Every structure is written in C-alpha cells, then in structure tokens.
Amino acid sequence: MSLNIIGISAHFHDAACCLLRDGKLVAAVQEERFSRIKHDPTIPRAAFGYCLEQGGITIADVDCVAYYEDPVVKLDRQLWMGLPQLPSLAPEALFRLDPARAEREIRELLGFEGEIQLVPHHLSHAASSFCFSGFDDAAILVVDAVGEWATTSLGRASGSSLEILDEVRFPDSLGLLYSTITSYLGFEVNDAEYKVMGLAPYGQPIYLDKLMQLVESLPNGKFRLNPEYFDFMRGRRMYSEALCDLLGAPPRAAESEIPQFAKDVARSLQVLLEKLLLQLANHLHRIVPSQNLCMAGGVALNCVANAAVLRDGPFDRLFVQPAAGDAGGALGAAAMAHITRSGQRPEVGRLEHVYLGPRYSSNEVAALLEATPLAFADFRGRERELLATVADRLADGKVIGWFHGGMEFGPRALGARSIIADPRRDEMRDRINALVKMREAFRPFAPAVLAEAASAHFDLDHPSPFMLETCQVKSAIRLPAITHVDGSARVQTVDAKVSPRFHALISEFGRRTGCPILLNTSFNLRGEPIVCSPMDALLCFLRSDIDFLVLEDFVIDRAGVPGAWTGWYRSTGQSARAISDIVYTLF
Amino acid sequence: MQRPLDQLSSLTRRLSQLLASDQGARVLGLMQKLGLMAAPPTQAGGRSQSQSHSPPEGLSPFGIWQPDTRADGTQVYVRRPELSAEWRCWADLPELSVAKTRKRVVLIGESVARGFLYDPVVTPAKVLAKMLSVAAGPQGADEIEVIDLARIDITATELTPIFAALRALAPDVIVLFAGNNWHNLPRTPLELERLVAAFATNGYPGYVQQIYRAAIRDGAVAAIDRLEQVASAIGAKVAVIVPEFNLKEWRNEAANQVPVLPEDRHGAWMVAHHQAQRALDEGDLDRVEQLATTMIGLDAGTSAVSQTLRAEVHLRRGALDQARAALEAARDAPVGTVAFHSPRCASFVQDALRERSNRHGFAVIDLPRVFQAHAPDELPGRRFFLDYCHLSFEGISLAMAATARAVSPWLDLAPAAVPGSVPARDVGLTPRSASIAEFLAAIHNAHYGQGPELISYWCKKALTTWPEVADVMVACVDFHARKAPHWMCRSFETAMADPMIARYLLNPDPRGFQKLAGFTLWQSVIGALKDHGAASGARQLEDMLAHEHGLAGRVDLMEPSSRARSYREARSFTFGPPRAFLQSHATTSVFYLVRSAPGDTTFSLTWRLPSGHRADRGADRGADRGDNGLVVTLNGRQVFSAAPEDRWTQSSFRVEPSALRAGLNTIEIHWPTAGSSWAARIAESQLRLELGVLPDVLPTFGEIFSFTATQPDTGAALA
C-alpha cells in the first residue's frame with residue numbers, strides 16, 4: 001500500500017495542491033492555472049482533481065490531507081491586528097475570521113473523509129525547501145509577508161528532523177516592508193515585487209538612509225518596523241502619509257512614467273533588504289553552523305538578494321524551492337505529514353524539476369487542431385525536423401510560444417510553457433514587450449542556457465535549473481535582451497536529462513548561431529496566469545502578436561490563424577485577479 | 001499605523017483558541033454583522049442604499065454607455081470600449097443621441113424587451129416604433145423615436161442608473177418591460193441575517209421562501225417608486241408591461257424538484273410523487289389530485305412538481321382556469337428557494353407591478369390579460385413564447401400593439417389608429433430570420449433542459465418556415481457536438497456570420513463555452529432534417545457524432561459532455577461554492593456513452609451516499625429502484641448494484657459488448673430516495689449563511705467523485 005498525501009495551500013493567495021506518494025512528488029499545480037484567475041486563493045478543487053488523476057488514484061486512496069498553516073494561530077493574529085475593534089469590521093475581514101474554514105472546505109468541497117494535518121505556515125515553507133534540497137542538513141531561513149504570526153523564521157533541519165528556532169512576528173515583516181514600497185512606487189502588491197527588484201539596478205541607493213528609518217535593527221539579526229510609515233493593518237493602503245513626507249514625493253500613479261526617483265528608491269530598498277537578510281543569515285549561521293542554507297517564503301523569490309546572501313554570507317550552498325511563495329507551502333505541508341506518518345524524510349534527492357502540472361499528448365493536440373480551420377504543420381515522429389524548424393525561426397528573429405510536456409509548478413516558466421526568442425537582438429526586449437507581455441520596458445528577460453555551456457557565458461559554477469539566481473553575464477556574445485543594466489542575468493540552466501527537448505532546441509539554435517542561449521519568459525499575457533492547456537496557449541497566441549506557436553509536435557504560423565478568430569477575440573484578454581493589488585489582504 | 005499592545009496577544013491567543021470551531025466562526029461573523037448593521041445605513045450597504053439613491057443632474061454614465069461630445073458639440077452617449085464584452089447585452093447601436101428633436105419614447109427592460117433570439121434583427125423597440133409610426137400616419141411617421149435601453153438579465157437594483165440617465169434623455173414616455181430577473185437580490189449582511197433567522201425557525205418551506213419573496217417584492221416596489229420619482233421630475237408618462245410566462249409548456253429541470261424537507265416529509269413526498277406518477281400513467285386523475293394535494297401539504301408550495309401534477313389533472317378535465325392557477329403556482333414555487341431556476345416573473349412581482357403602477361397613475365399593459373384576451377381557450381405556450389419568458393414574434397406584436405395603444409394618447413395619437421399587428425417584413429423579419437429564431441429556440445430550450453417534444457417542435461418549425469435553415473442547423477450542431485471548443489470549429493465561423501446567431505451564441509469569453517451532452521438536441525435536429533428531406537445534412541451529423549464520440553478508449557463520464565444536458569447540469573443547481581465531486585439532486589444520475597463499435601467495457605465509479613444517509617428509512621421503501629442501495633443500469637438493464645455506503649467507495653464492473661449499442665448508450669445510476677439528512681443540511685445551510693455563503697438547498701441523493709468507461713482500443717475501424 002502506498003502512502004498518499006495531499007498537500008494544500010489556500011485561502012490567502014496562490015492556492016495549490018500537490019500529491020506526495022511514498023515521499024515522491026508526483027504532481028503539483030496552482031489552482032489559478034485551471035480557474036484562470038490570477039492568484040486564485042480558493043480551495044484548490046481542480047488542482048486536487050488533477051493531482052489524483054495524475055497519481056492514478058481516487059479520493060478513497062488518500063491517506064492524509066496536509067494543510068499549510070494553522071488557522072487558529074492565524075485567527076489569533078487576525079483578532080490582534082483588528083484591535084481595538086473586535087472583531088475587525090473592515091470589508092475584507094467580513095467572514096474571513098473563520099478558523100474552521102480550511103477543514104470544513106476540505107470536507108465539504110473536496111469531499112475528503114480521512115485525517116487532516118495542519119502544519120504551521122513557516123514550518124511548511126521550511127519543509128518545502130529542505131525536504132527537496134538534497135542537503136543532509138541545513139540552516140533554514142523563511143521570510144515572507146506573514147503566515148500565522150511569524151514573518152521571518154530561523155530553523156535547522158537534519159534528516160527527518162525540522163525545527164524552528166526563532167522568529168520575527170507580525171507586523172514586523174520584510175515581505176510587508178518590500179510590498180509597502182512596491183505599492184508606493186505604483187506597482188501591484190503581492191505580485192509586482194519582482195518588478196521593483198528589476199527596477200533597482202537602474203537606480204542609486206541614495207534613499208537608503210531614509211528607508212533605514214522604516215526599520216530598526218535589533219540584536220540577533222532581528223528587526224522592527226517603524227509603524228509611523230505603514231498603514232497595512234487597516235486594509236486600505238500599505239503606506240502612510242509619513243512615508244511620502246520622509247521620501248519627499250507623493251506615491252507614483254500606477255502605469256505612469258517611471259521617474260529616476262522611483263529607480264533610486266527601488267535600489268535603496270533592494271540594498272536595505274539584502275542588508276537585513278545578511279544580518280539574519282549571519283545570525284542563523286552562528287546558531288546553525290551548517291554549510292547549507294535553505295530559503296523559502298515569498299521574499300526568497302528575490303533572486304538578487306539570494307545571490308547576495310550566498311555571495312556575502314557565511315553559507316557555502318543555497319537551495320531555494322522554486323515555488324518559494326505560498327503555493328509551495330503545499331509541498332512542505334505534505335512533506336511534514338509524510339514525516340509524521342513514516343518517520344522518514346521524503347525525496348532524499350534534490351528536486352530535479354518542477355514539470356509537475358498537466359501535460360497533453362500530441363494526439364490530444366492533434367484532435368484539437370484537426371477540428372479547426374487553423375493551418376499547422378504536423379511534426380509527429382519527426383522531432384529533429386521540428387526542432388530544426390523552430391531553431392530556424394528563432395535564428396530569423398521570430399518570437400515563439402513554446403508548449404511542451406508537463407506544466408511548471410511555481411511562478412517561473414522553465415521551458416514547458418515559455419515564450420522564447422533570440423537573446424542577441426537589440427530589439428528583442430522591446431519587441432516581446434510590445435507583442436505579448438505589454439510590460440514595463442525596464443524589465444529584462446531571462447536566459448535559458450545549456451547547462452554544459454553556462455559557465456562560458458555566465459559567472460556561474462553550479463546548476464541553476466529554476467531561474468532563482470542572478471549572476472553576471474560574461475559571454476563573448478552580446479546578449480542585450482537578457483542582460484540587465486548592471487550586467488546581470490537571472491539564469492536557467494537546462495539539463496539534457498531533465499528537459500531533453502528544450503535542451504535539444506537550444507542546442508539546435510546554438511548550432512545555427514553559436515549561441516547556446518535562448519531568451520525565456522513565461523507564456524502568458526500581462527495579468528493572466530501562465531497558460532496551462534493547449535487552448536490557453538492558443539488563446540494567448542491569438543490575443544498577442546507572437547509569430548509562431550509550437551504545441552507539442554505542431555507548429556502554427558500566425559499567418560495560419562483564421563481572420564475571424566482575431567476579430568472575435570483579439571485584445572479580449574482579461575486580467576482577473578482574486579486578491580487586491582492595492583493592499584496586502586492580511587485577513 | 002497603530003501597533004496594538006503586544007501584551008494583548010495573550011488575550012487574542014486565548015480567544016482564538018476558544019473560537020477555534022464552526023461555532024467560533026459563527027460568533028465572529030455575527031459580531032461583524034452586528035457591528036455593520038448597527039452602523040449608519042451607508043455602511044450596511046444593500047437595499048437601503050439603492051432606495052435612497054438620488055439621480056444626479058446632467059449626463060451620467062450607465063451600463064455600457066458613457067457621455068461624449070461630437071465634433072459639432074452635440075452630446076451623445078457612446079459605448080465604452082472597455083465594456084465591449086457586454087455590448088451584446090444591449091441594443092446594437094453605436095450611439096444614443098441626447099438632443100431631442102422628436103417626441104421620445106424610451107423602452108427600458110430585460111431580455112424579453114430585447115426580443116431575445118430575434119435581436120438584433122427584430123426588437124420590441126423596433127416593433128413599437130413601427131406601430132406608433134403607422135398610427136401617426138405618413139405626416140407624423142418621423143415625429144416619434146423609440147430609444148432602446150433594454151439590457152438582458154437586468155435586476156431591479158440595476159435599473160437605478162438607467163433611471164438616472166432619463167433626466168438627460170428627457171423622454172415623453174417611458175416604457176418599462178421587466179420583472180423576470182428581479183429574484184436576483186443583492187446579498188447584504190442584513191439579508192443574510194434575515195435568512196439565517198428564517199432557517200432557525202422553519203427551514204425552506206414557508207418561512208425562508210416568504211422572507212425571500214418579501215425581499216423580492218420590496219425590490220420590485222422600490223424600482224417602480226424610483227421610476228415614479230424620475231418620471232415626475234422630468235414630466236414623463238410611464239407605461240409598465242407586466243410579463244407573462246410560458247405556463248403551458250415550461251417545466252423545471254428534474255434536479256429542481258423540491259428543496260430539502262425533514263426526513264418524514266421528504267420520504268412521504270417522494271413516495272407520493274412516485275405514486276402520483278404511476279396514477280397519472282394509469283389515468284386515475286382523482287388519485288393524482290389527492291396525492292398532489294398531499295405533496296403540496298408536505299412541501300408547503302415550494303415544489304413546482306406537485307403543482308404541475310395538479311395542473312395536469314385540471315387540464316385533462318378541461319378546467320382551464322384551475323389549470324392556469326396551478327401552473328402559476330408551479331411557476332412561482334421555486335422563487336425564493338435559493339436554487340437555480342429559469343427567469344420568471346412571479347405572481348407577487350406581477351402584483352407589485354400592477355399595484356404600484358396603479359398607485360402612481362402609470363398605464364399598465366398586463367400581458368397575462370392581453371394574451372388571454374387574444375387566445376381565451378388556451379394557456380400561454382409556444383404560440384406566444386419561444387421558451388420560458390421570451391416572446392415569439394406574435395407575442396412581441398401583441399405586447400407592443402397593446403403598449404402602443406396605451407401610450408398613444410400621450411403622443412397625441414389615436415389608440416384606434418394603432419394596428420393590431422404589423423407585417424413581419426415591415427420590421428425586418430424575413431422567413432430566414434424567423435426560421436433562425438425558431439432554431440435558436442430549439443437550442444435554448446435544450447440548454448435549459450426541456451424535453452424532446454418541444455425541442456423537436458422548434459427544429460421542425462424552423463425547417464418549415466425556411467428550409468434552407470438546414471445548413472445553419474448542421475453548422476450549429478457541428479460546433480456544439482465536436483470536442484474542440486466551439487469557437488475553434490470551422491462550422492462556428494460559418495454560423496456566426498448571422499447576426500442573430502452571433503448575438504446569442506458568440507460568447508465574448510472564449511473560455512465561457514460549455515460542451516454539453518446535447519444528444520436530445522442533436523437527435524432532434526437529425527430527425528427534423530430527415531423529415532424535411534435534408535438527409536445529407538443528417539448523415540453528415542451522424543458521421544461527425546460517430547467520429548467525435550464513438551471511438552474506443554477511456555471516456556471520463558464526469559465531463560459535462562457525457563452527463564450534462566443543460567447548462568445547470570454542467571454547473572450546479574445551487575448557489576453554494578463548487579465542489580470537487582458531483583452531487584446528484586435527482587434520484588437518478590444519467591450519463592451518455594457513444595460507441596461506434598462496442599467492445600468489452602469496464603466502468604470505474606467512485607461514489608458515496610450523502611453524509612447522514614440512513615438506508616432503513618421505512619417511508620422511502622418502494623419509491624424507486626435504488627432503495628436498497630446503488631443500482632446502475634445500462635440502456636435500462638441492470639449491470640451493477642451495491643449496498644448503501646456513505647463513505648467513498650471504489651466500484652468497478654465490466655459489461656459485455658452485447659450490452660452496449662452501436663451509437664448512443666444511456667447509463668443511469670439510481671440512488672436511494674432517502675436523500676441527505678435534513679438536520680445536517682439545515683445546520684450546514686445555517687452555518688454557511690452566517691458565514692456569507694449561500695447554501696445548497698436541494699436534497700442530495702448520491703455523490704460521485706469519478707466515473708469512467710474504458711473500452712480497450714483494439715484498432716477497430718469506425719462503423
């Protein structure tokens with residue numbers, strides 16, 4: 001009999017579900033990919049169904065559902081933060097003070113009859129990193145906005161043992177600090193923090209001293225936010241007027257031009273974050289003198305800060321679980337439930353890939369395409385020709401929507417649901433932004449490089465399969481589309497054993513151009529989740545100006561798209577968000 | 001930001017531990033509602049806000065319309081580009097002129113007032129304009145305009161901004177034609193609390209329904225009163241059209257039979273229903289009447305089924321007035337039960353429209369009376385209606401003729417000059433467009449779970465009206481029946497070239513198309529095509545169905561395309577949050593499997609009976625075939641049975657090829673009729689309402705997590 005454990009994160013943002021069978025990660029996916037509602041926090045109904053189907057089991061075969069936080073402790077924090085009202089009457093708080101909701105919905109809406117294990121939020125994060133790191137032991141640093149009470153946790157792990165040693169509690173939160181400035185700079189909270197990270201290299205840290213007034217450093221790496229500058233507890237906006245006064249400028253309006261001031265504030269914030277994380281890492285190493293560091297939580301998605309922690313901190317090795325945000329909490333909760341039941345640590349080895357979502361066979365794609373008036377080329381059984389065709393188009397400067405294999409779990413597209421292009425072209429960044437992403441011009445795209453060629457082009461001496469590290473570009477080839485203003489890049493190394501087709505494609509491109517690197521960005525329109533199904537991919541293709549779409553073994557040219565489709569659905573992409581982008585929904 | 005004292009966290013910790021339960025969430029929810037409801041009305045939200053709404057002066061945006069100024073300085077309303085997905089809900093007009101150069105009539109309303117299924121070719125506004133034009137004679141024909149502000153699905157609350165816009169448009173006459181969607185109420189904390197209190201007392205039958213109905217009626221009254229305020233302010237006259245319903249033919253779907261009743265009443269109701277059906281089959285009308293009366297006593301008027309049985313008795317006895325009364329009660333029965341039903345204007349909304357209109361001195365065009373006067377010997381049915389409430393062309397003509405007569409004196413026209421009808425061609429209705437509307441009626445009836453006779457009727461009528469519609473029918477069935485998304489099929493593009501079809505079927509959200517098990521519609525079309533000499537089209541569809549659905553392999557029977565005959569079966573009949581599994585609100589769950597070359601097939605089913613089910617409820621015995629547990633039939637023949645089990649149970653069973661037909665096979669799961677526990681369901685419903693979530697009000701007879709049919713693919717060719 002197998003031990004089947006379902007991990008679930010939900011009811012905050014980025015609901016997700018995973019299946020751990022006998023300690024092996026079989027499936028993991030965010031609910032937003034099915035519902036097409038960005039950051040969908042609802043109990044992951046469709047993701048649950050997918051995980052069972054992928055595992056070839058039914059609900060009767062599930063031994064335990066592990067939930068990624070303790071709602072009672074969370075309620076404690078929710079009650080406290082609503083004070084002096086008890087309970088809070090803020091609109092976003094109405095009916096959200098419900099510690100029984102997780103268990104009730106797992107019973108009522110998912111139909112699960114067995115045991116439910118609640119795993120504290122930061123322990124879920126910790127396990128999601130350590131249990132899939134491949135390290136025998138590690139120090140653990142979890143940093144996010146907030147879980148129940150903890151906003152930062154320091155821990156240690158060895159074998160099947162994980163423990164949290166110390167924590168910083170709400171409302172003192174590096175995640176909320178970063179989100180507050182993100183909001184002040186006119187970007188969406190809980191989503192666009194990475195834009196601020198991308199903006200930072202364009203600025204100078206001239207506001208560092210001022211931003212340091214927002215946070216007081218305490219002994220042992222801890223910190224305390226100065227409440228004068230924040231307003232997130234009232235649920236209306238993140239920052240106070242005092243912050244505007246401190247920085248001497250009003251908040252930037254969303255979608256408006258980005259002034260140098262914003263770039264300088266972003267840089268100052270990034271420097272401040274790195275400084276605070278390094279303090280934490282140094283203290284952590286003093287109490288857990290391991291060579292290995294595992295990081296998780298939303299702040300661990302800040303790959304620039306991660307690189308600084310590894311570069312300037314006391315640890316030799318760093319592992320960041322690719323779905324480091326709340327979605328990844330599902331993995332950690334399942335891992336903890338596995339340890340509880342088996343006494344064993346799951347996934348002894350390092351997580352090799354995150355292609356854990358739905359996949360579609362070429363025959364399924366064929367059945368879809370053959371019913372349509374769409375013109376397409378069928379390369380079934382002719383992979384070499386397919387790759388040659390795609391590589392030719394890439395070398396010609398075309399932008400390709402690339403759909404192959406199981407969908408990635410987590411926020412990064414890693415060659416399964418990607419938009420790819422030639423990184424050598426000066427115009428490519430602006431072109432892709434105009435064609436599909438409709439995003440801010442300052443943001444760089446990321447490179448996907450053959451693992452064996454990575455060190456020749458990037459200052460990188462180890463694999464980076466999840467695009468979670470930045471390093472300096474040192475390539476002899478000019479790579480303007482993927483090189484940031486400070487000469488850095490957020491690299492994905494592509495291993496032939498893990499992603500054979502994507503690896504072969506980059507190789508083909510390299511043979512033609514001498515450049516074993518592709519620009520790789522997520523396959524979605526702005527404000528929408530990454531595409532999941534072939535139809536999602538077709539719709540994204542239709543609504544954008546991507547030149548070609550590759551759906552498994554099929555290549556579709558934009559010229560082959562029926563004119564009526566464009567007439568019906570061009571520019572109809574809708575940004576459906578399930579959570580506020582003005583203020584962090586702390587209820 | 002005020003940082004609460006850290007010391008207080010020890011108190012919140014203890015409090016959170018004490019509140020760590022459903023009861024705790026309920027306490028917190030109640031305290032929040034109390035806080036909100038004790039606050040000034042503007043913070044409580046809901047009806048009180050809309051009731052006190054005061055329309056602003058000048059041009060105000062409403063719906064898809066926003067004010068704009070042309071280059072010549074004239075003011076117009078134009079459509080908001082960002083709301084283009086909603087444009088098809090309104091009149092197909094690029095702009096509305098604000099400047100008034102003629103006498104102006106404004107028509108406000110819902111889909112019935114849009115001329116649903118004829119729109120945009122023919123609309124009630126166009127028909128009304130034509131009738132007024134005829135009445136005005138050649139000299140005055142251009143002196144009156146009718147502005148069409150009808151929007152499909154409009155609720156009573158949503159009328160407010162349209163009323164506000166009337167100040168700028170300054171009509172001489174306002175015609176309101178709405179009421180079928182007014183049961184959709186805003187759910188404020190106050191509303192939810194009233195429902196919670198109702199549950200605590202009597203549950204669904206009676207009190208909840210009365211509470212909900214009172215709220216619906218209040219909303220109707222408020223809407224008419226708001227209209228009066230605006231009309232008085234601008235000096236406009238008002239005519240209100242009271243909607244009628246397809247009493248004769250429209251039936252609720254099988255799943256929406258009766259809300260959850262206490263166990264003793266539920267069991268007795270199920271038995272009485274079973275016996276009444278049998279008595280009806282045997283023609284024992286006295287027995288049917290007696291049993292229907294028993295059922296109504298048990299369900300307290302919340303079930304259309306029991307009222308319809310009573311109506312059937314009256315109809316068979318030729319007692320038309322009594323049948324009408326029973327069918328009106330059937331129409332009203334589900335309103336206020338918080339379960340999905342098709343739009344309708346219940347008696348108490350009709351009464352509110354009449355009463356308030358009379359009080360304000362409005363003209364009332366009472367469609368029930370208009371239709372009755374025109375056809376005194378029949379109940380309103382397919383002659384006047386395309387479906388539940390949308391009017392046929394004859395229905396539109398009658399309604400607009402009565403309206404034109406009512407408003408004509410205000411426009412200085414003689415009522416006698418208004419024609420009783422206008423030739424179809426004079427308002428743009430060709431045989432082609434009439435035929436397409438009739439075929440769309442077939443589709444719409446199918447998507448709302450109506451029976452094969454009605455669907456077949458509209459298919460045949462469409463072919464009779466304009467035989468060339470056969471090509472349209474083939475195209476529409478093609479994209480509905482293929483597995484590829486509608487919009488991706490070649491046939492979809494062909495069909496969407498017609499503006500009426502595009503308006504009805506071109507969903508602005510390409511992910512919004514739903515694949516259904518539309519076999520009743522598809523077979524009706526094929527049958528009608530064969531009957532009308534369009535055999536090649538029929539053959540084309542049969543081949544397509546075999547190719548798309550008949551291949552061997554694994555079929556997920558949980559997919560809507562294998563089980564859902566209607567939109568509601570695909571989604572849900574209740575308004576609660578969606579579940580990861582299927583709940584059957586009927587005693588039989590039906591699935592469809594198409595096989596071109598039947599072979600050994602293995603069915604795999606994960607199922608359970610609802611929590612709290614008790615198999616030994618004596619009252620349920622003998623009511624249906626599933627009473628001793630789960631029974632599965634294939635084409636009417638039992639192929640599997642299992643003892644009652646209220647935990648997830650994995651069952652597999654194999655059937656021989658001989659049990660399957662080449663073509664369409666029907667698999668039915670018969671559940672015990674005991675259904676879900678009353679106490680458990682009421683407790684769940686109360687808790688949900690207290691936590692701001694609508695409850696599931698229909699009884700659940702069985703639950704299915706997964707159901708597949710697998711026929712190994714041996715490479716056999718299609719038949």
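Two strands pair if DSSP finds at least two bridges between them. The views below are taken from a predicted model.

**View 1. An open sheet of eight strands in chain A.** The strand order is S13-S22-S21-S14-S15-S20-S16-S19, and the pairing is mixed. Strands S13 (376-378) and S19 (492-494) of chain A lie at the edges, each with a single partner strand, so one side of each has no neighbour in the sheet. On average, neighbouring strands of this sheet are turned by 30 degrees against each other, direction ignored.

**View 2. Pairing of S14 and S21 in chain A.** Strand S14 (residues 400-403) runs parallel to strand S21 (residues 548-551), and four bridges join the two. A:Trp402 is placed opposite A:Val550 of S21(A).

**View 3. A right-handed β-α-β unit in chain A.** The unit is made of S11(A), helix H11 (residues 303-312) and S12(A). Its strands, S11 (residues 292-296) and S12 (residues 317-320), are parallel and joined by four bridges. Within this pair, A:Leu293 stands opposite A:Leu318 in S12(A).

**View 4. The largest nonpolar core.** This core has 429 residues, and those with the most contacts inside it are A:Cys18, A:Ala66 and B:Leu107. Helix H10 (residues 260-287) of chain A supplies the largest share of the core, 12 residues. In soluble globular proteins, nonpolar side chains tend to be buried together.

**View 5. Contacts of A:Ala66.** Leaving aside residues up to four places away in sequence, A:Ala66 touches A:Ile5, A:Ile6, A:Gly7 and A:Ile8, together with A:Gln117 and A:Val119. A:Ala333, A:Ala334, A:Met336 and A:Ala337 also touch A:Ala66.

Notes: Residues numbered from 1 in each chain as written. Chains lettered and ligands numbered in written order. Predicted model: local features only at pLDDT ≥ 70, side-chain atom pairs only at ≥ 80, totals over all residues. Core = buried A, V, L, I, M, F, W, Y, C linked by C-beta atoms within 7 Å. Buried ≥ 20, exposed ≤ 12 C-beta atoms within 10 Å, placed from the backbone. Contact = placed C-beta atoms within 7 Å. Right-handed = clockwise from strand over helix to strand, strands pointing away. Axes fitted to C-alpha atoms, helices over the stretch in contact; angles between N-to-C directions.
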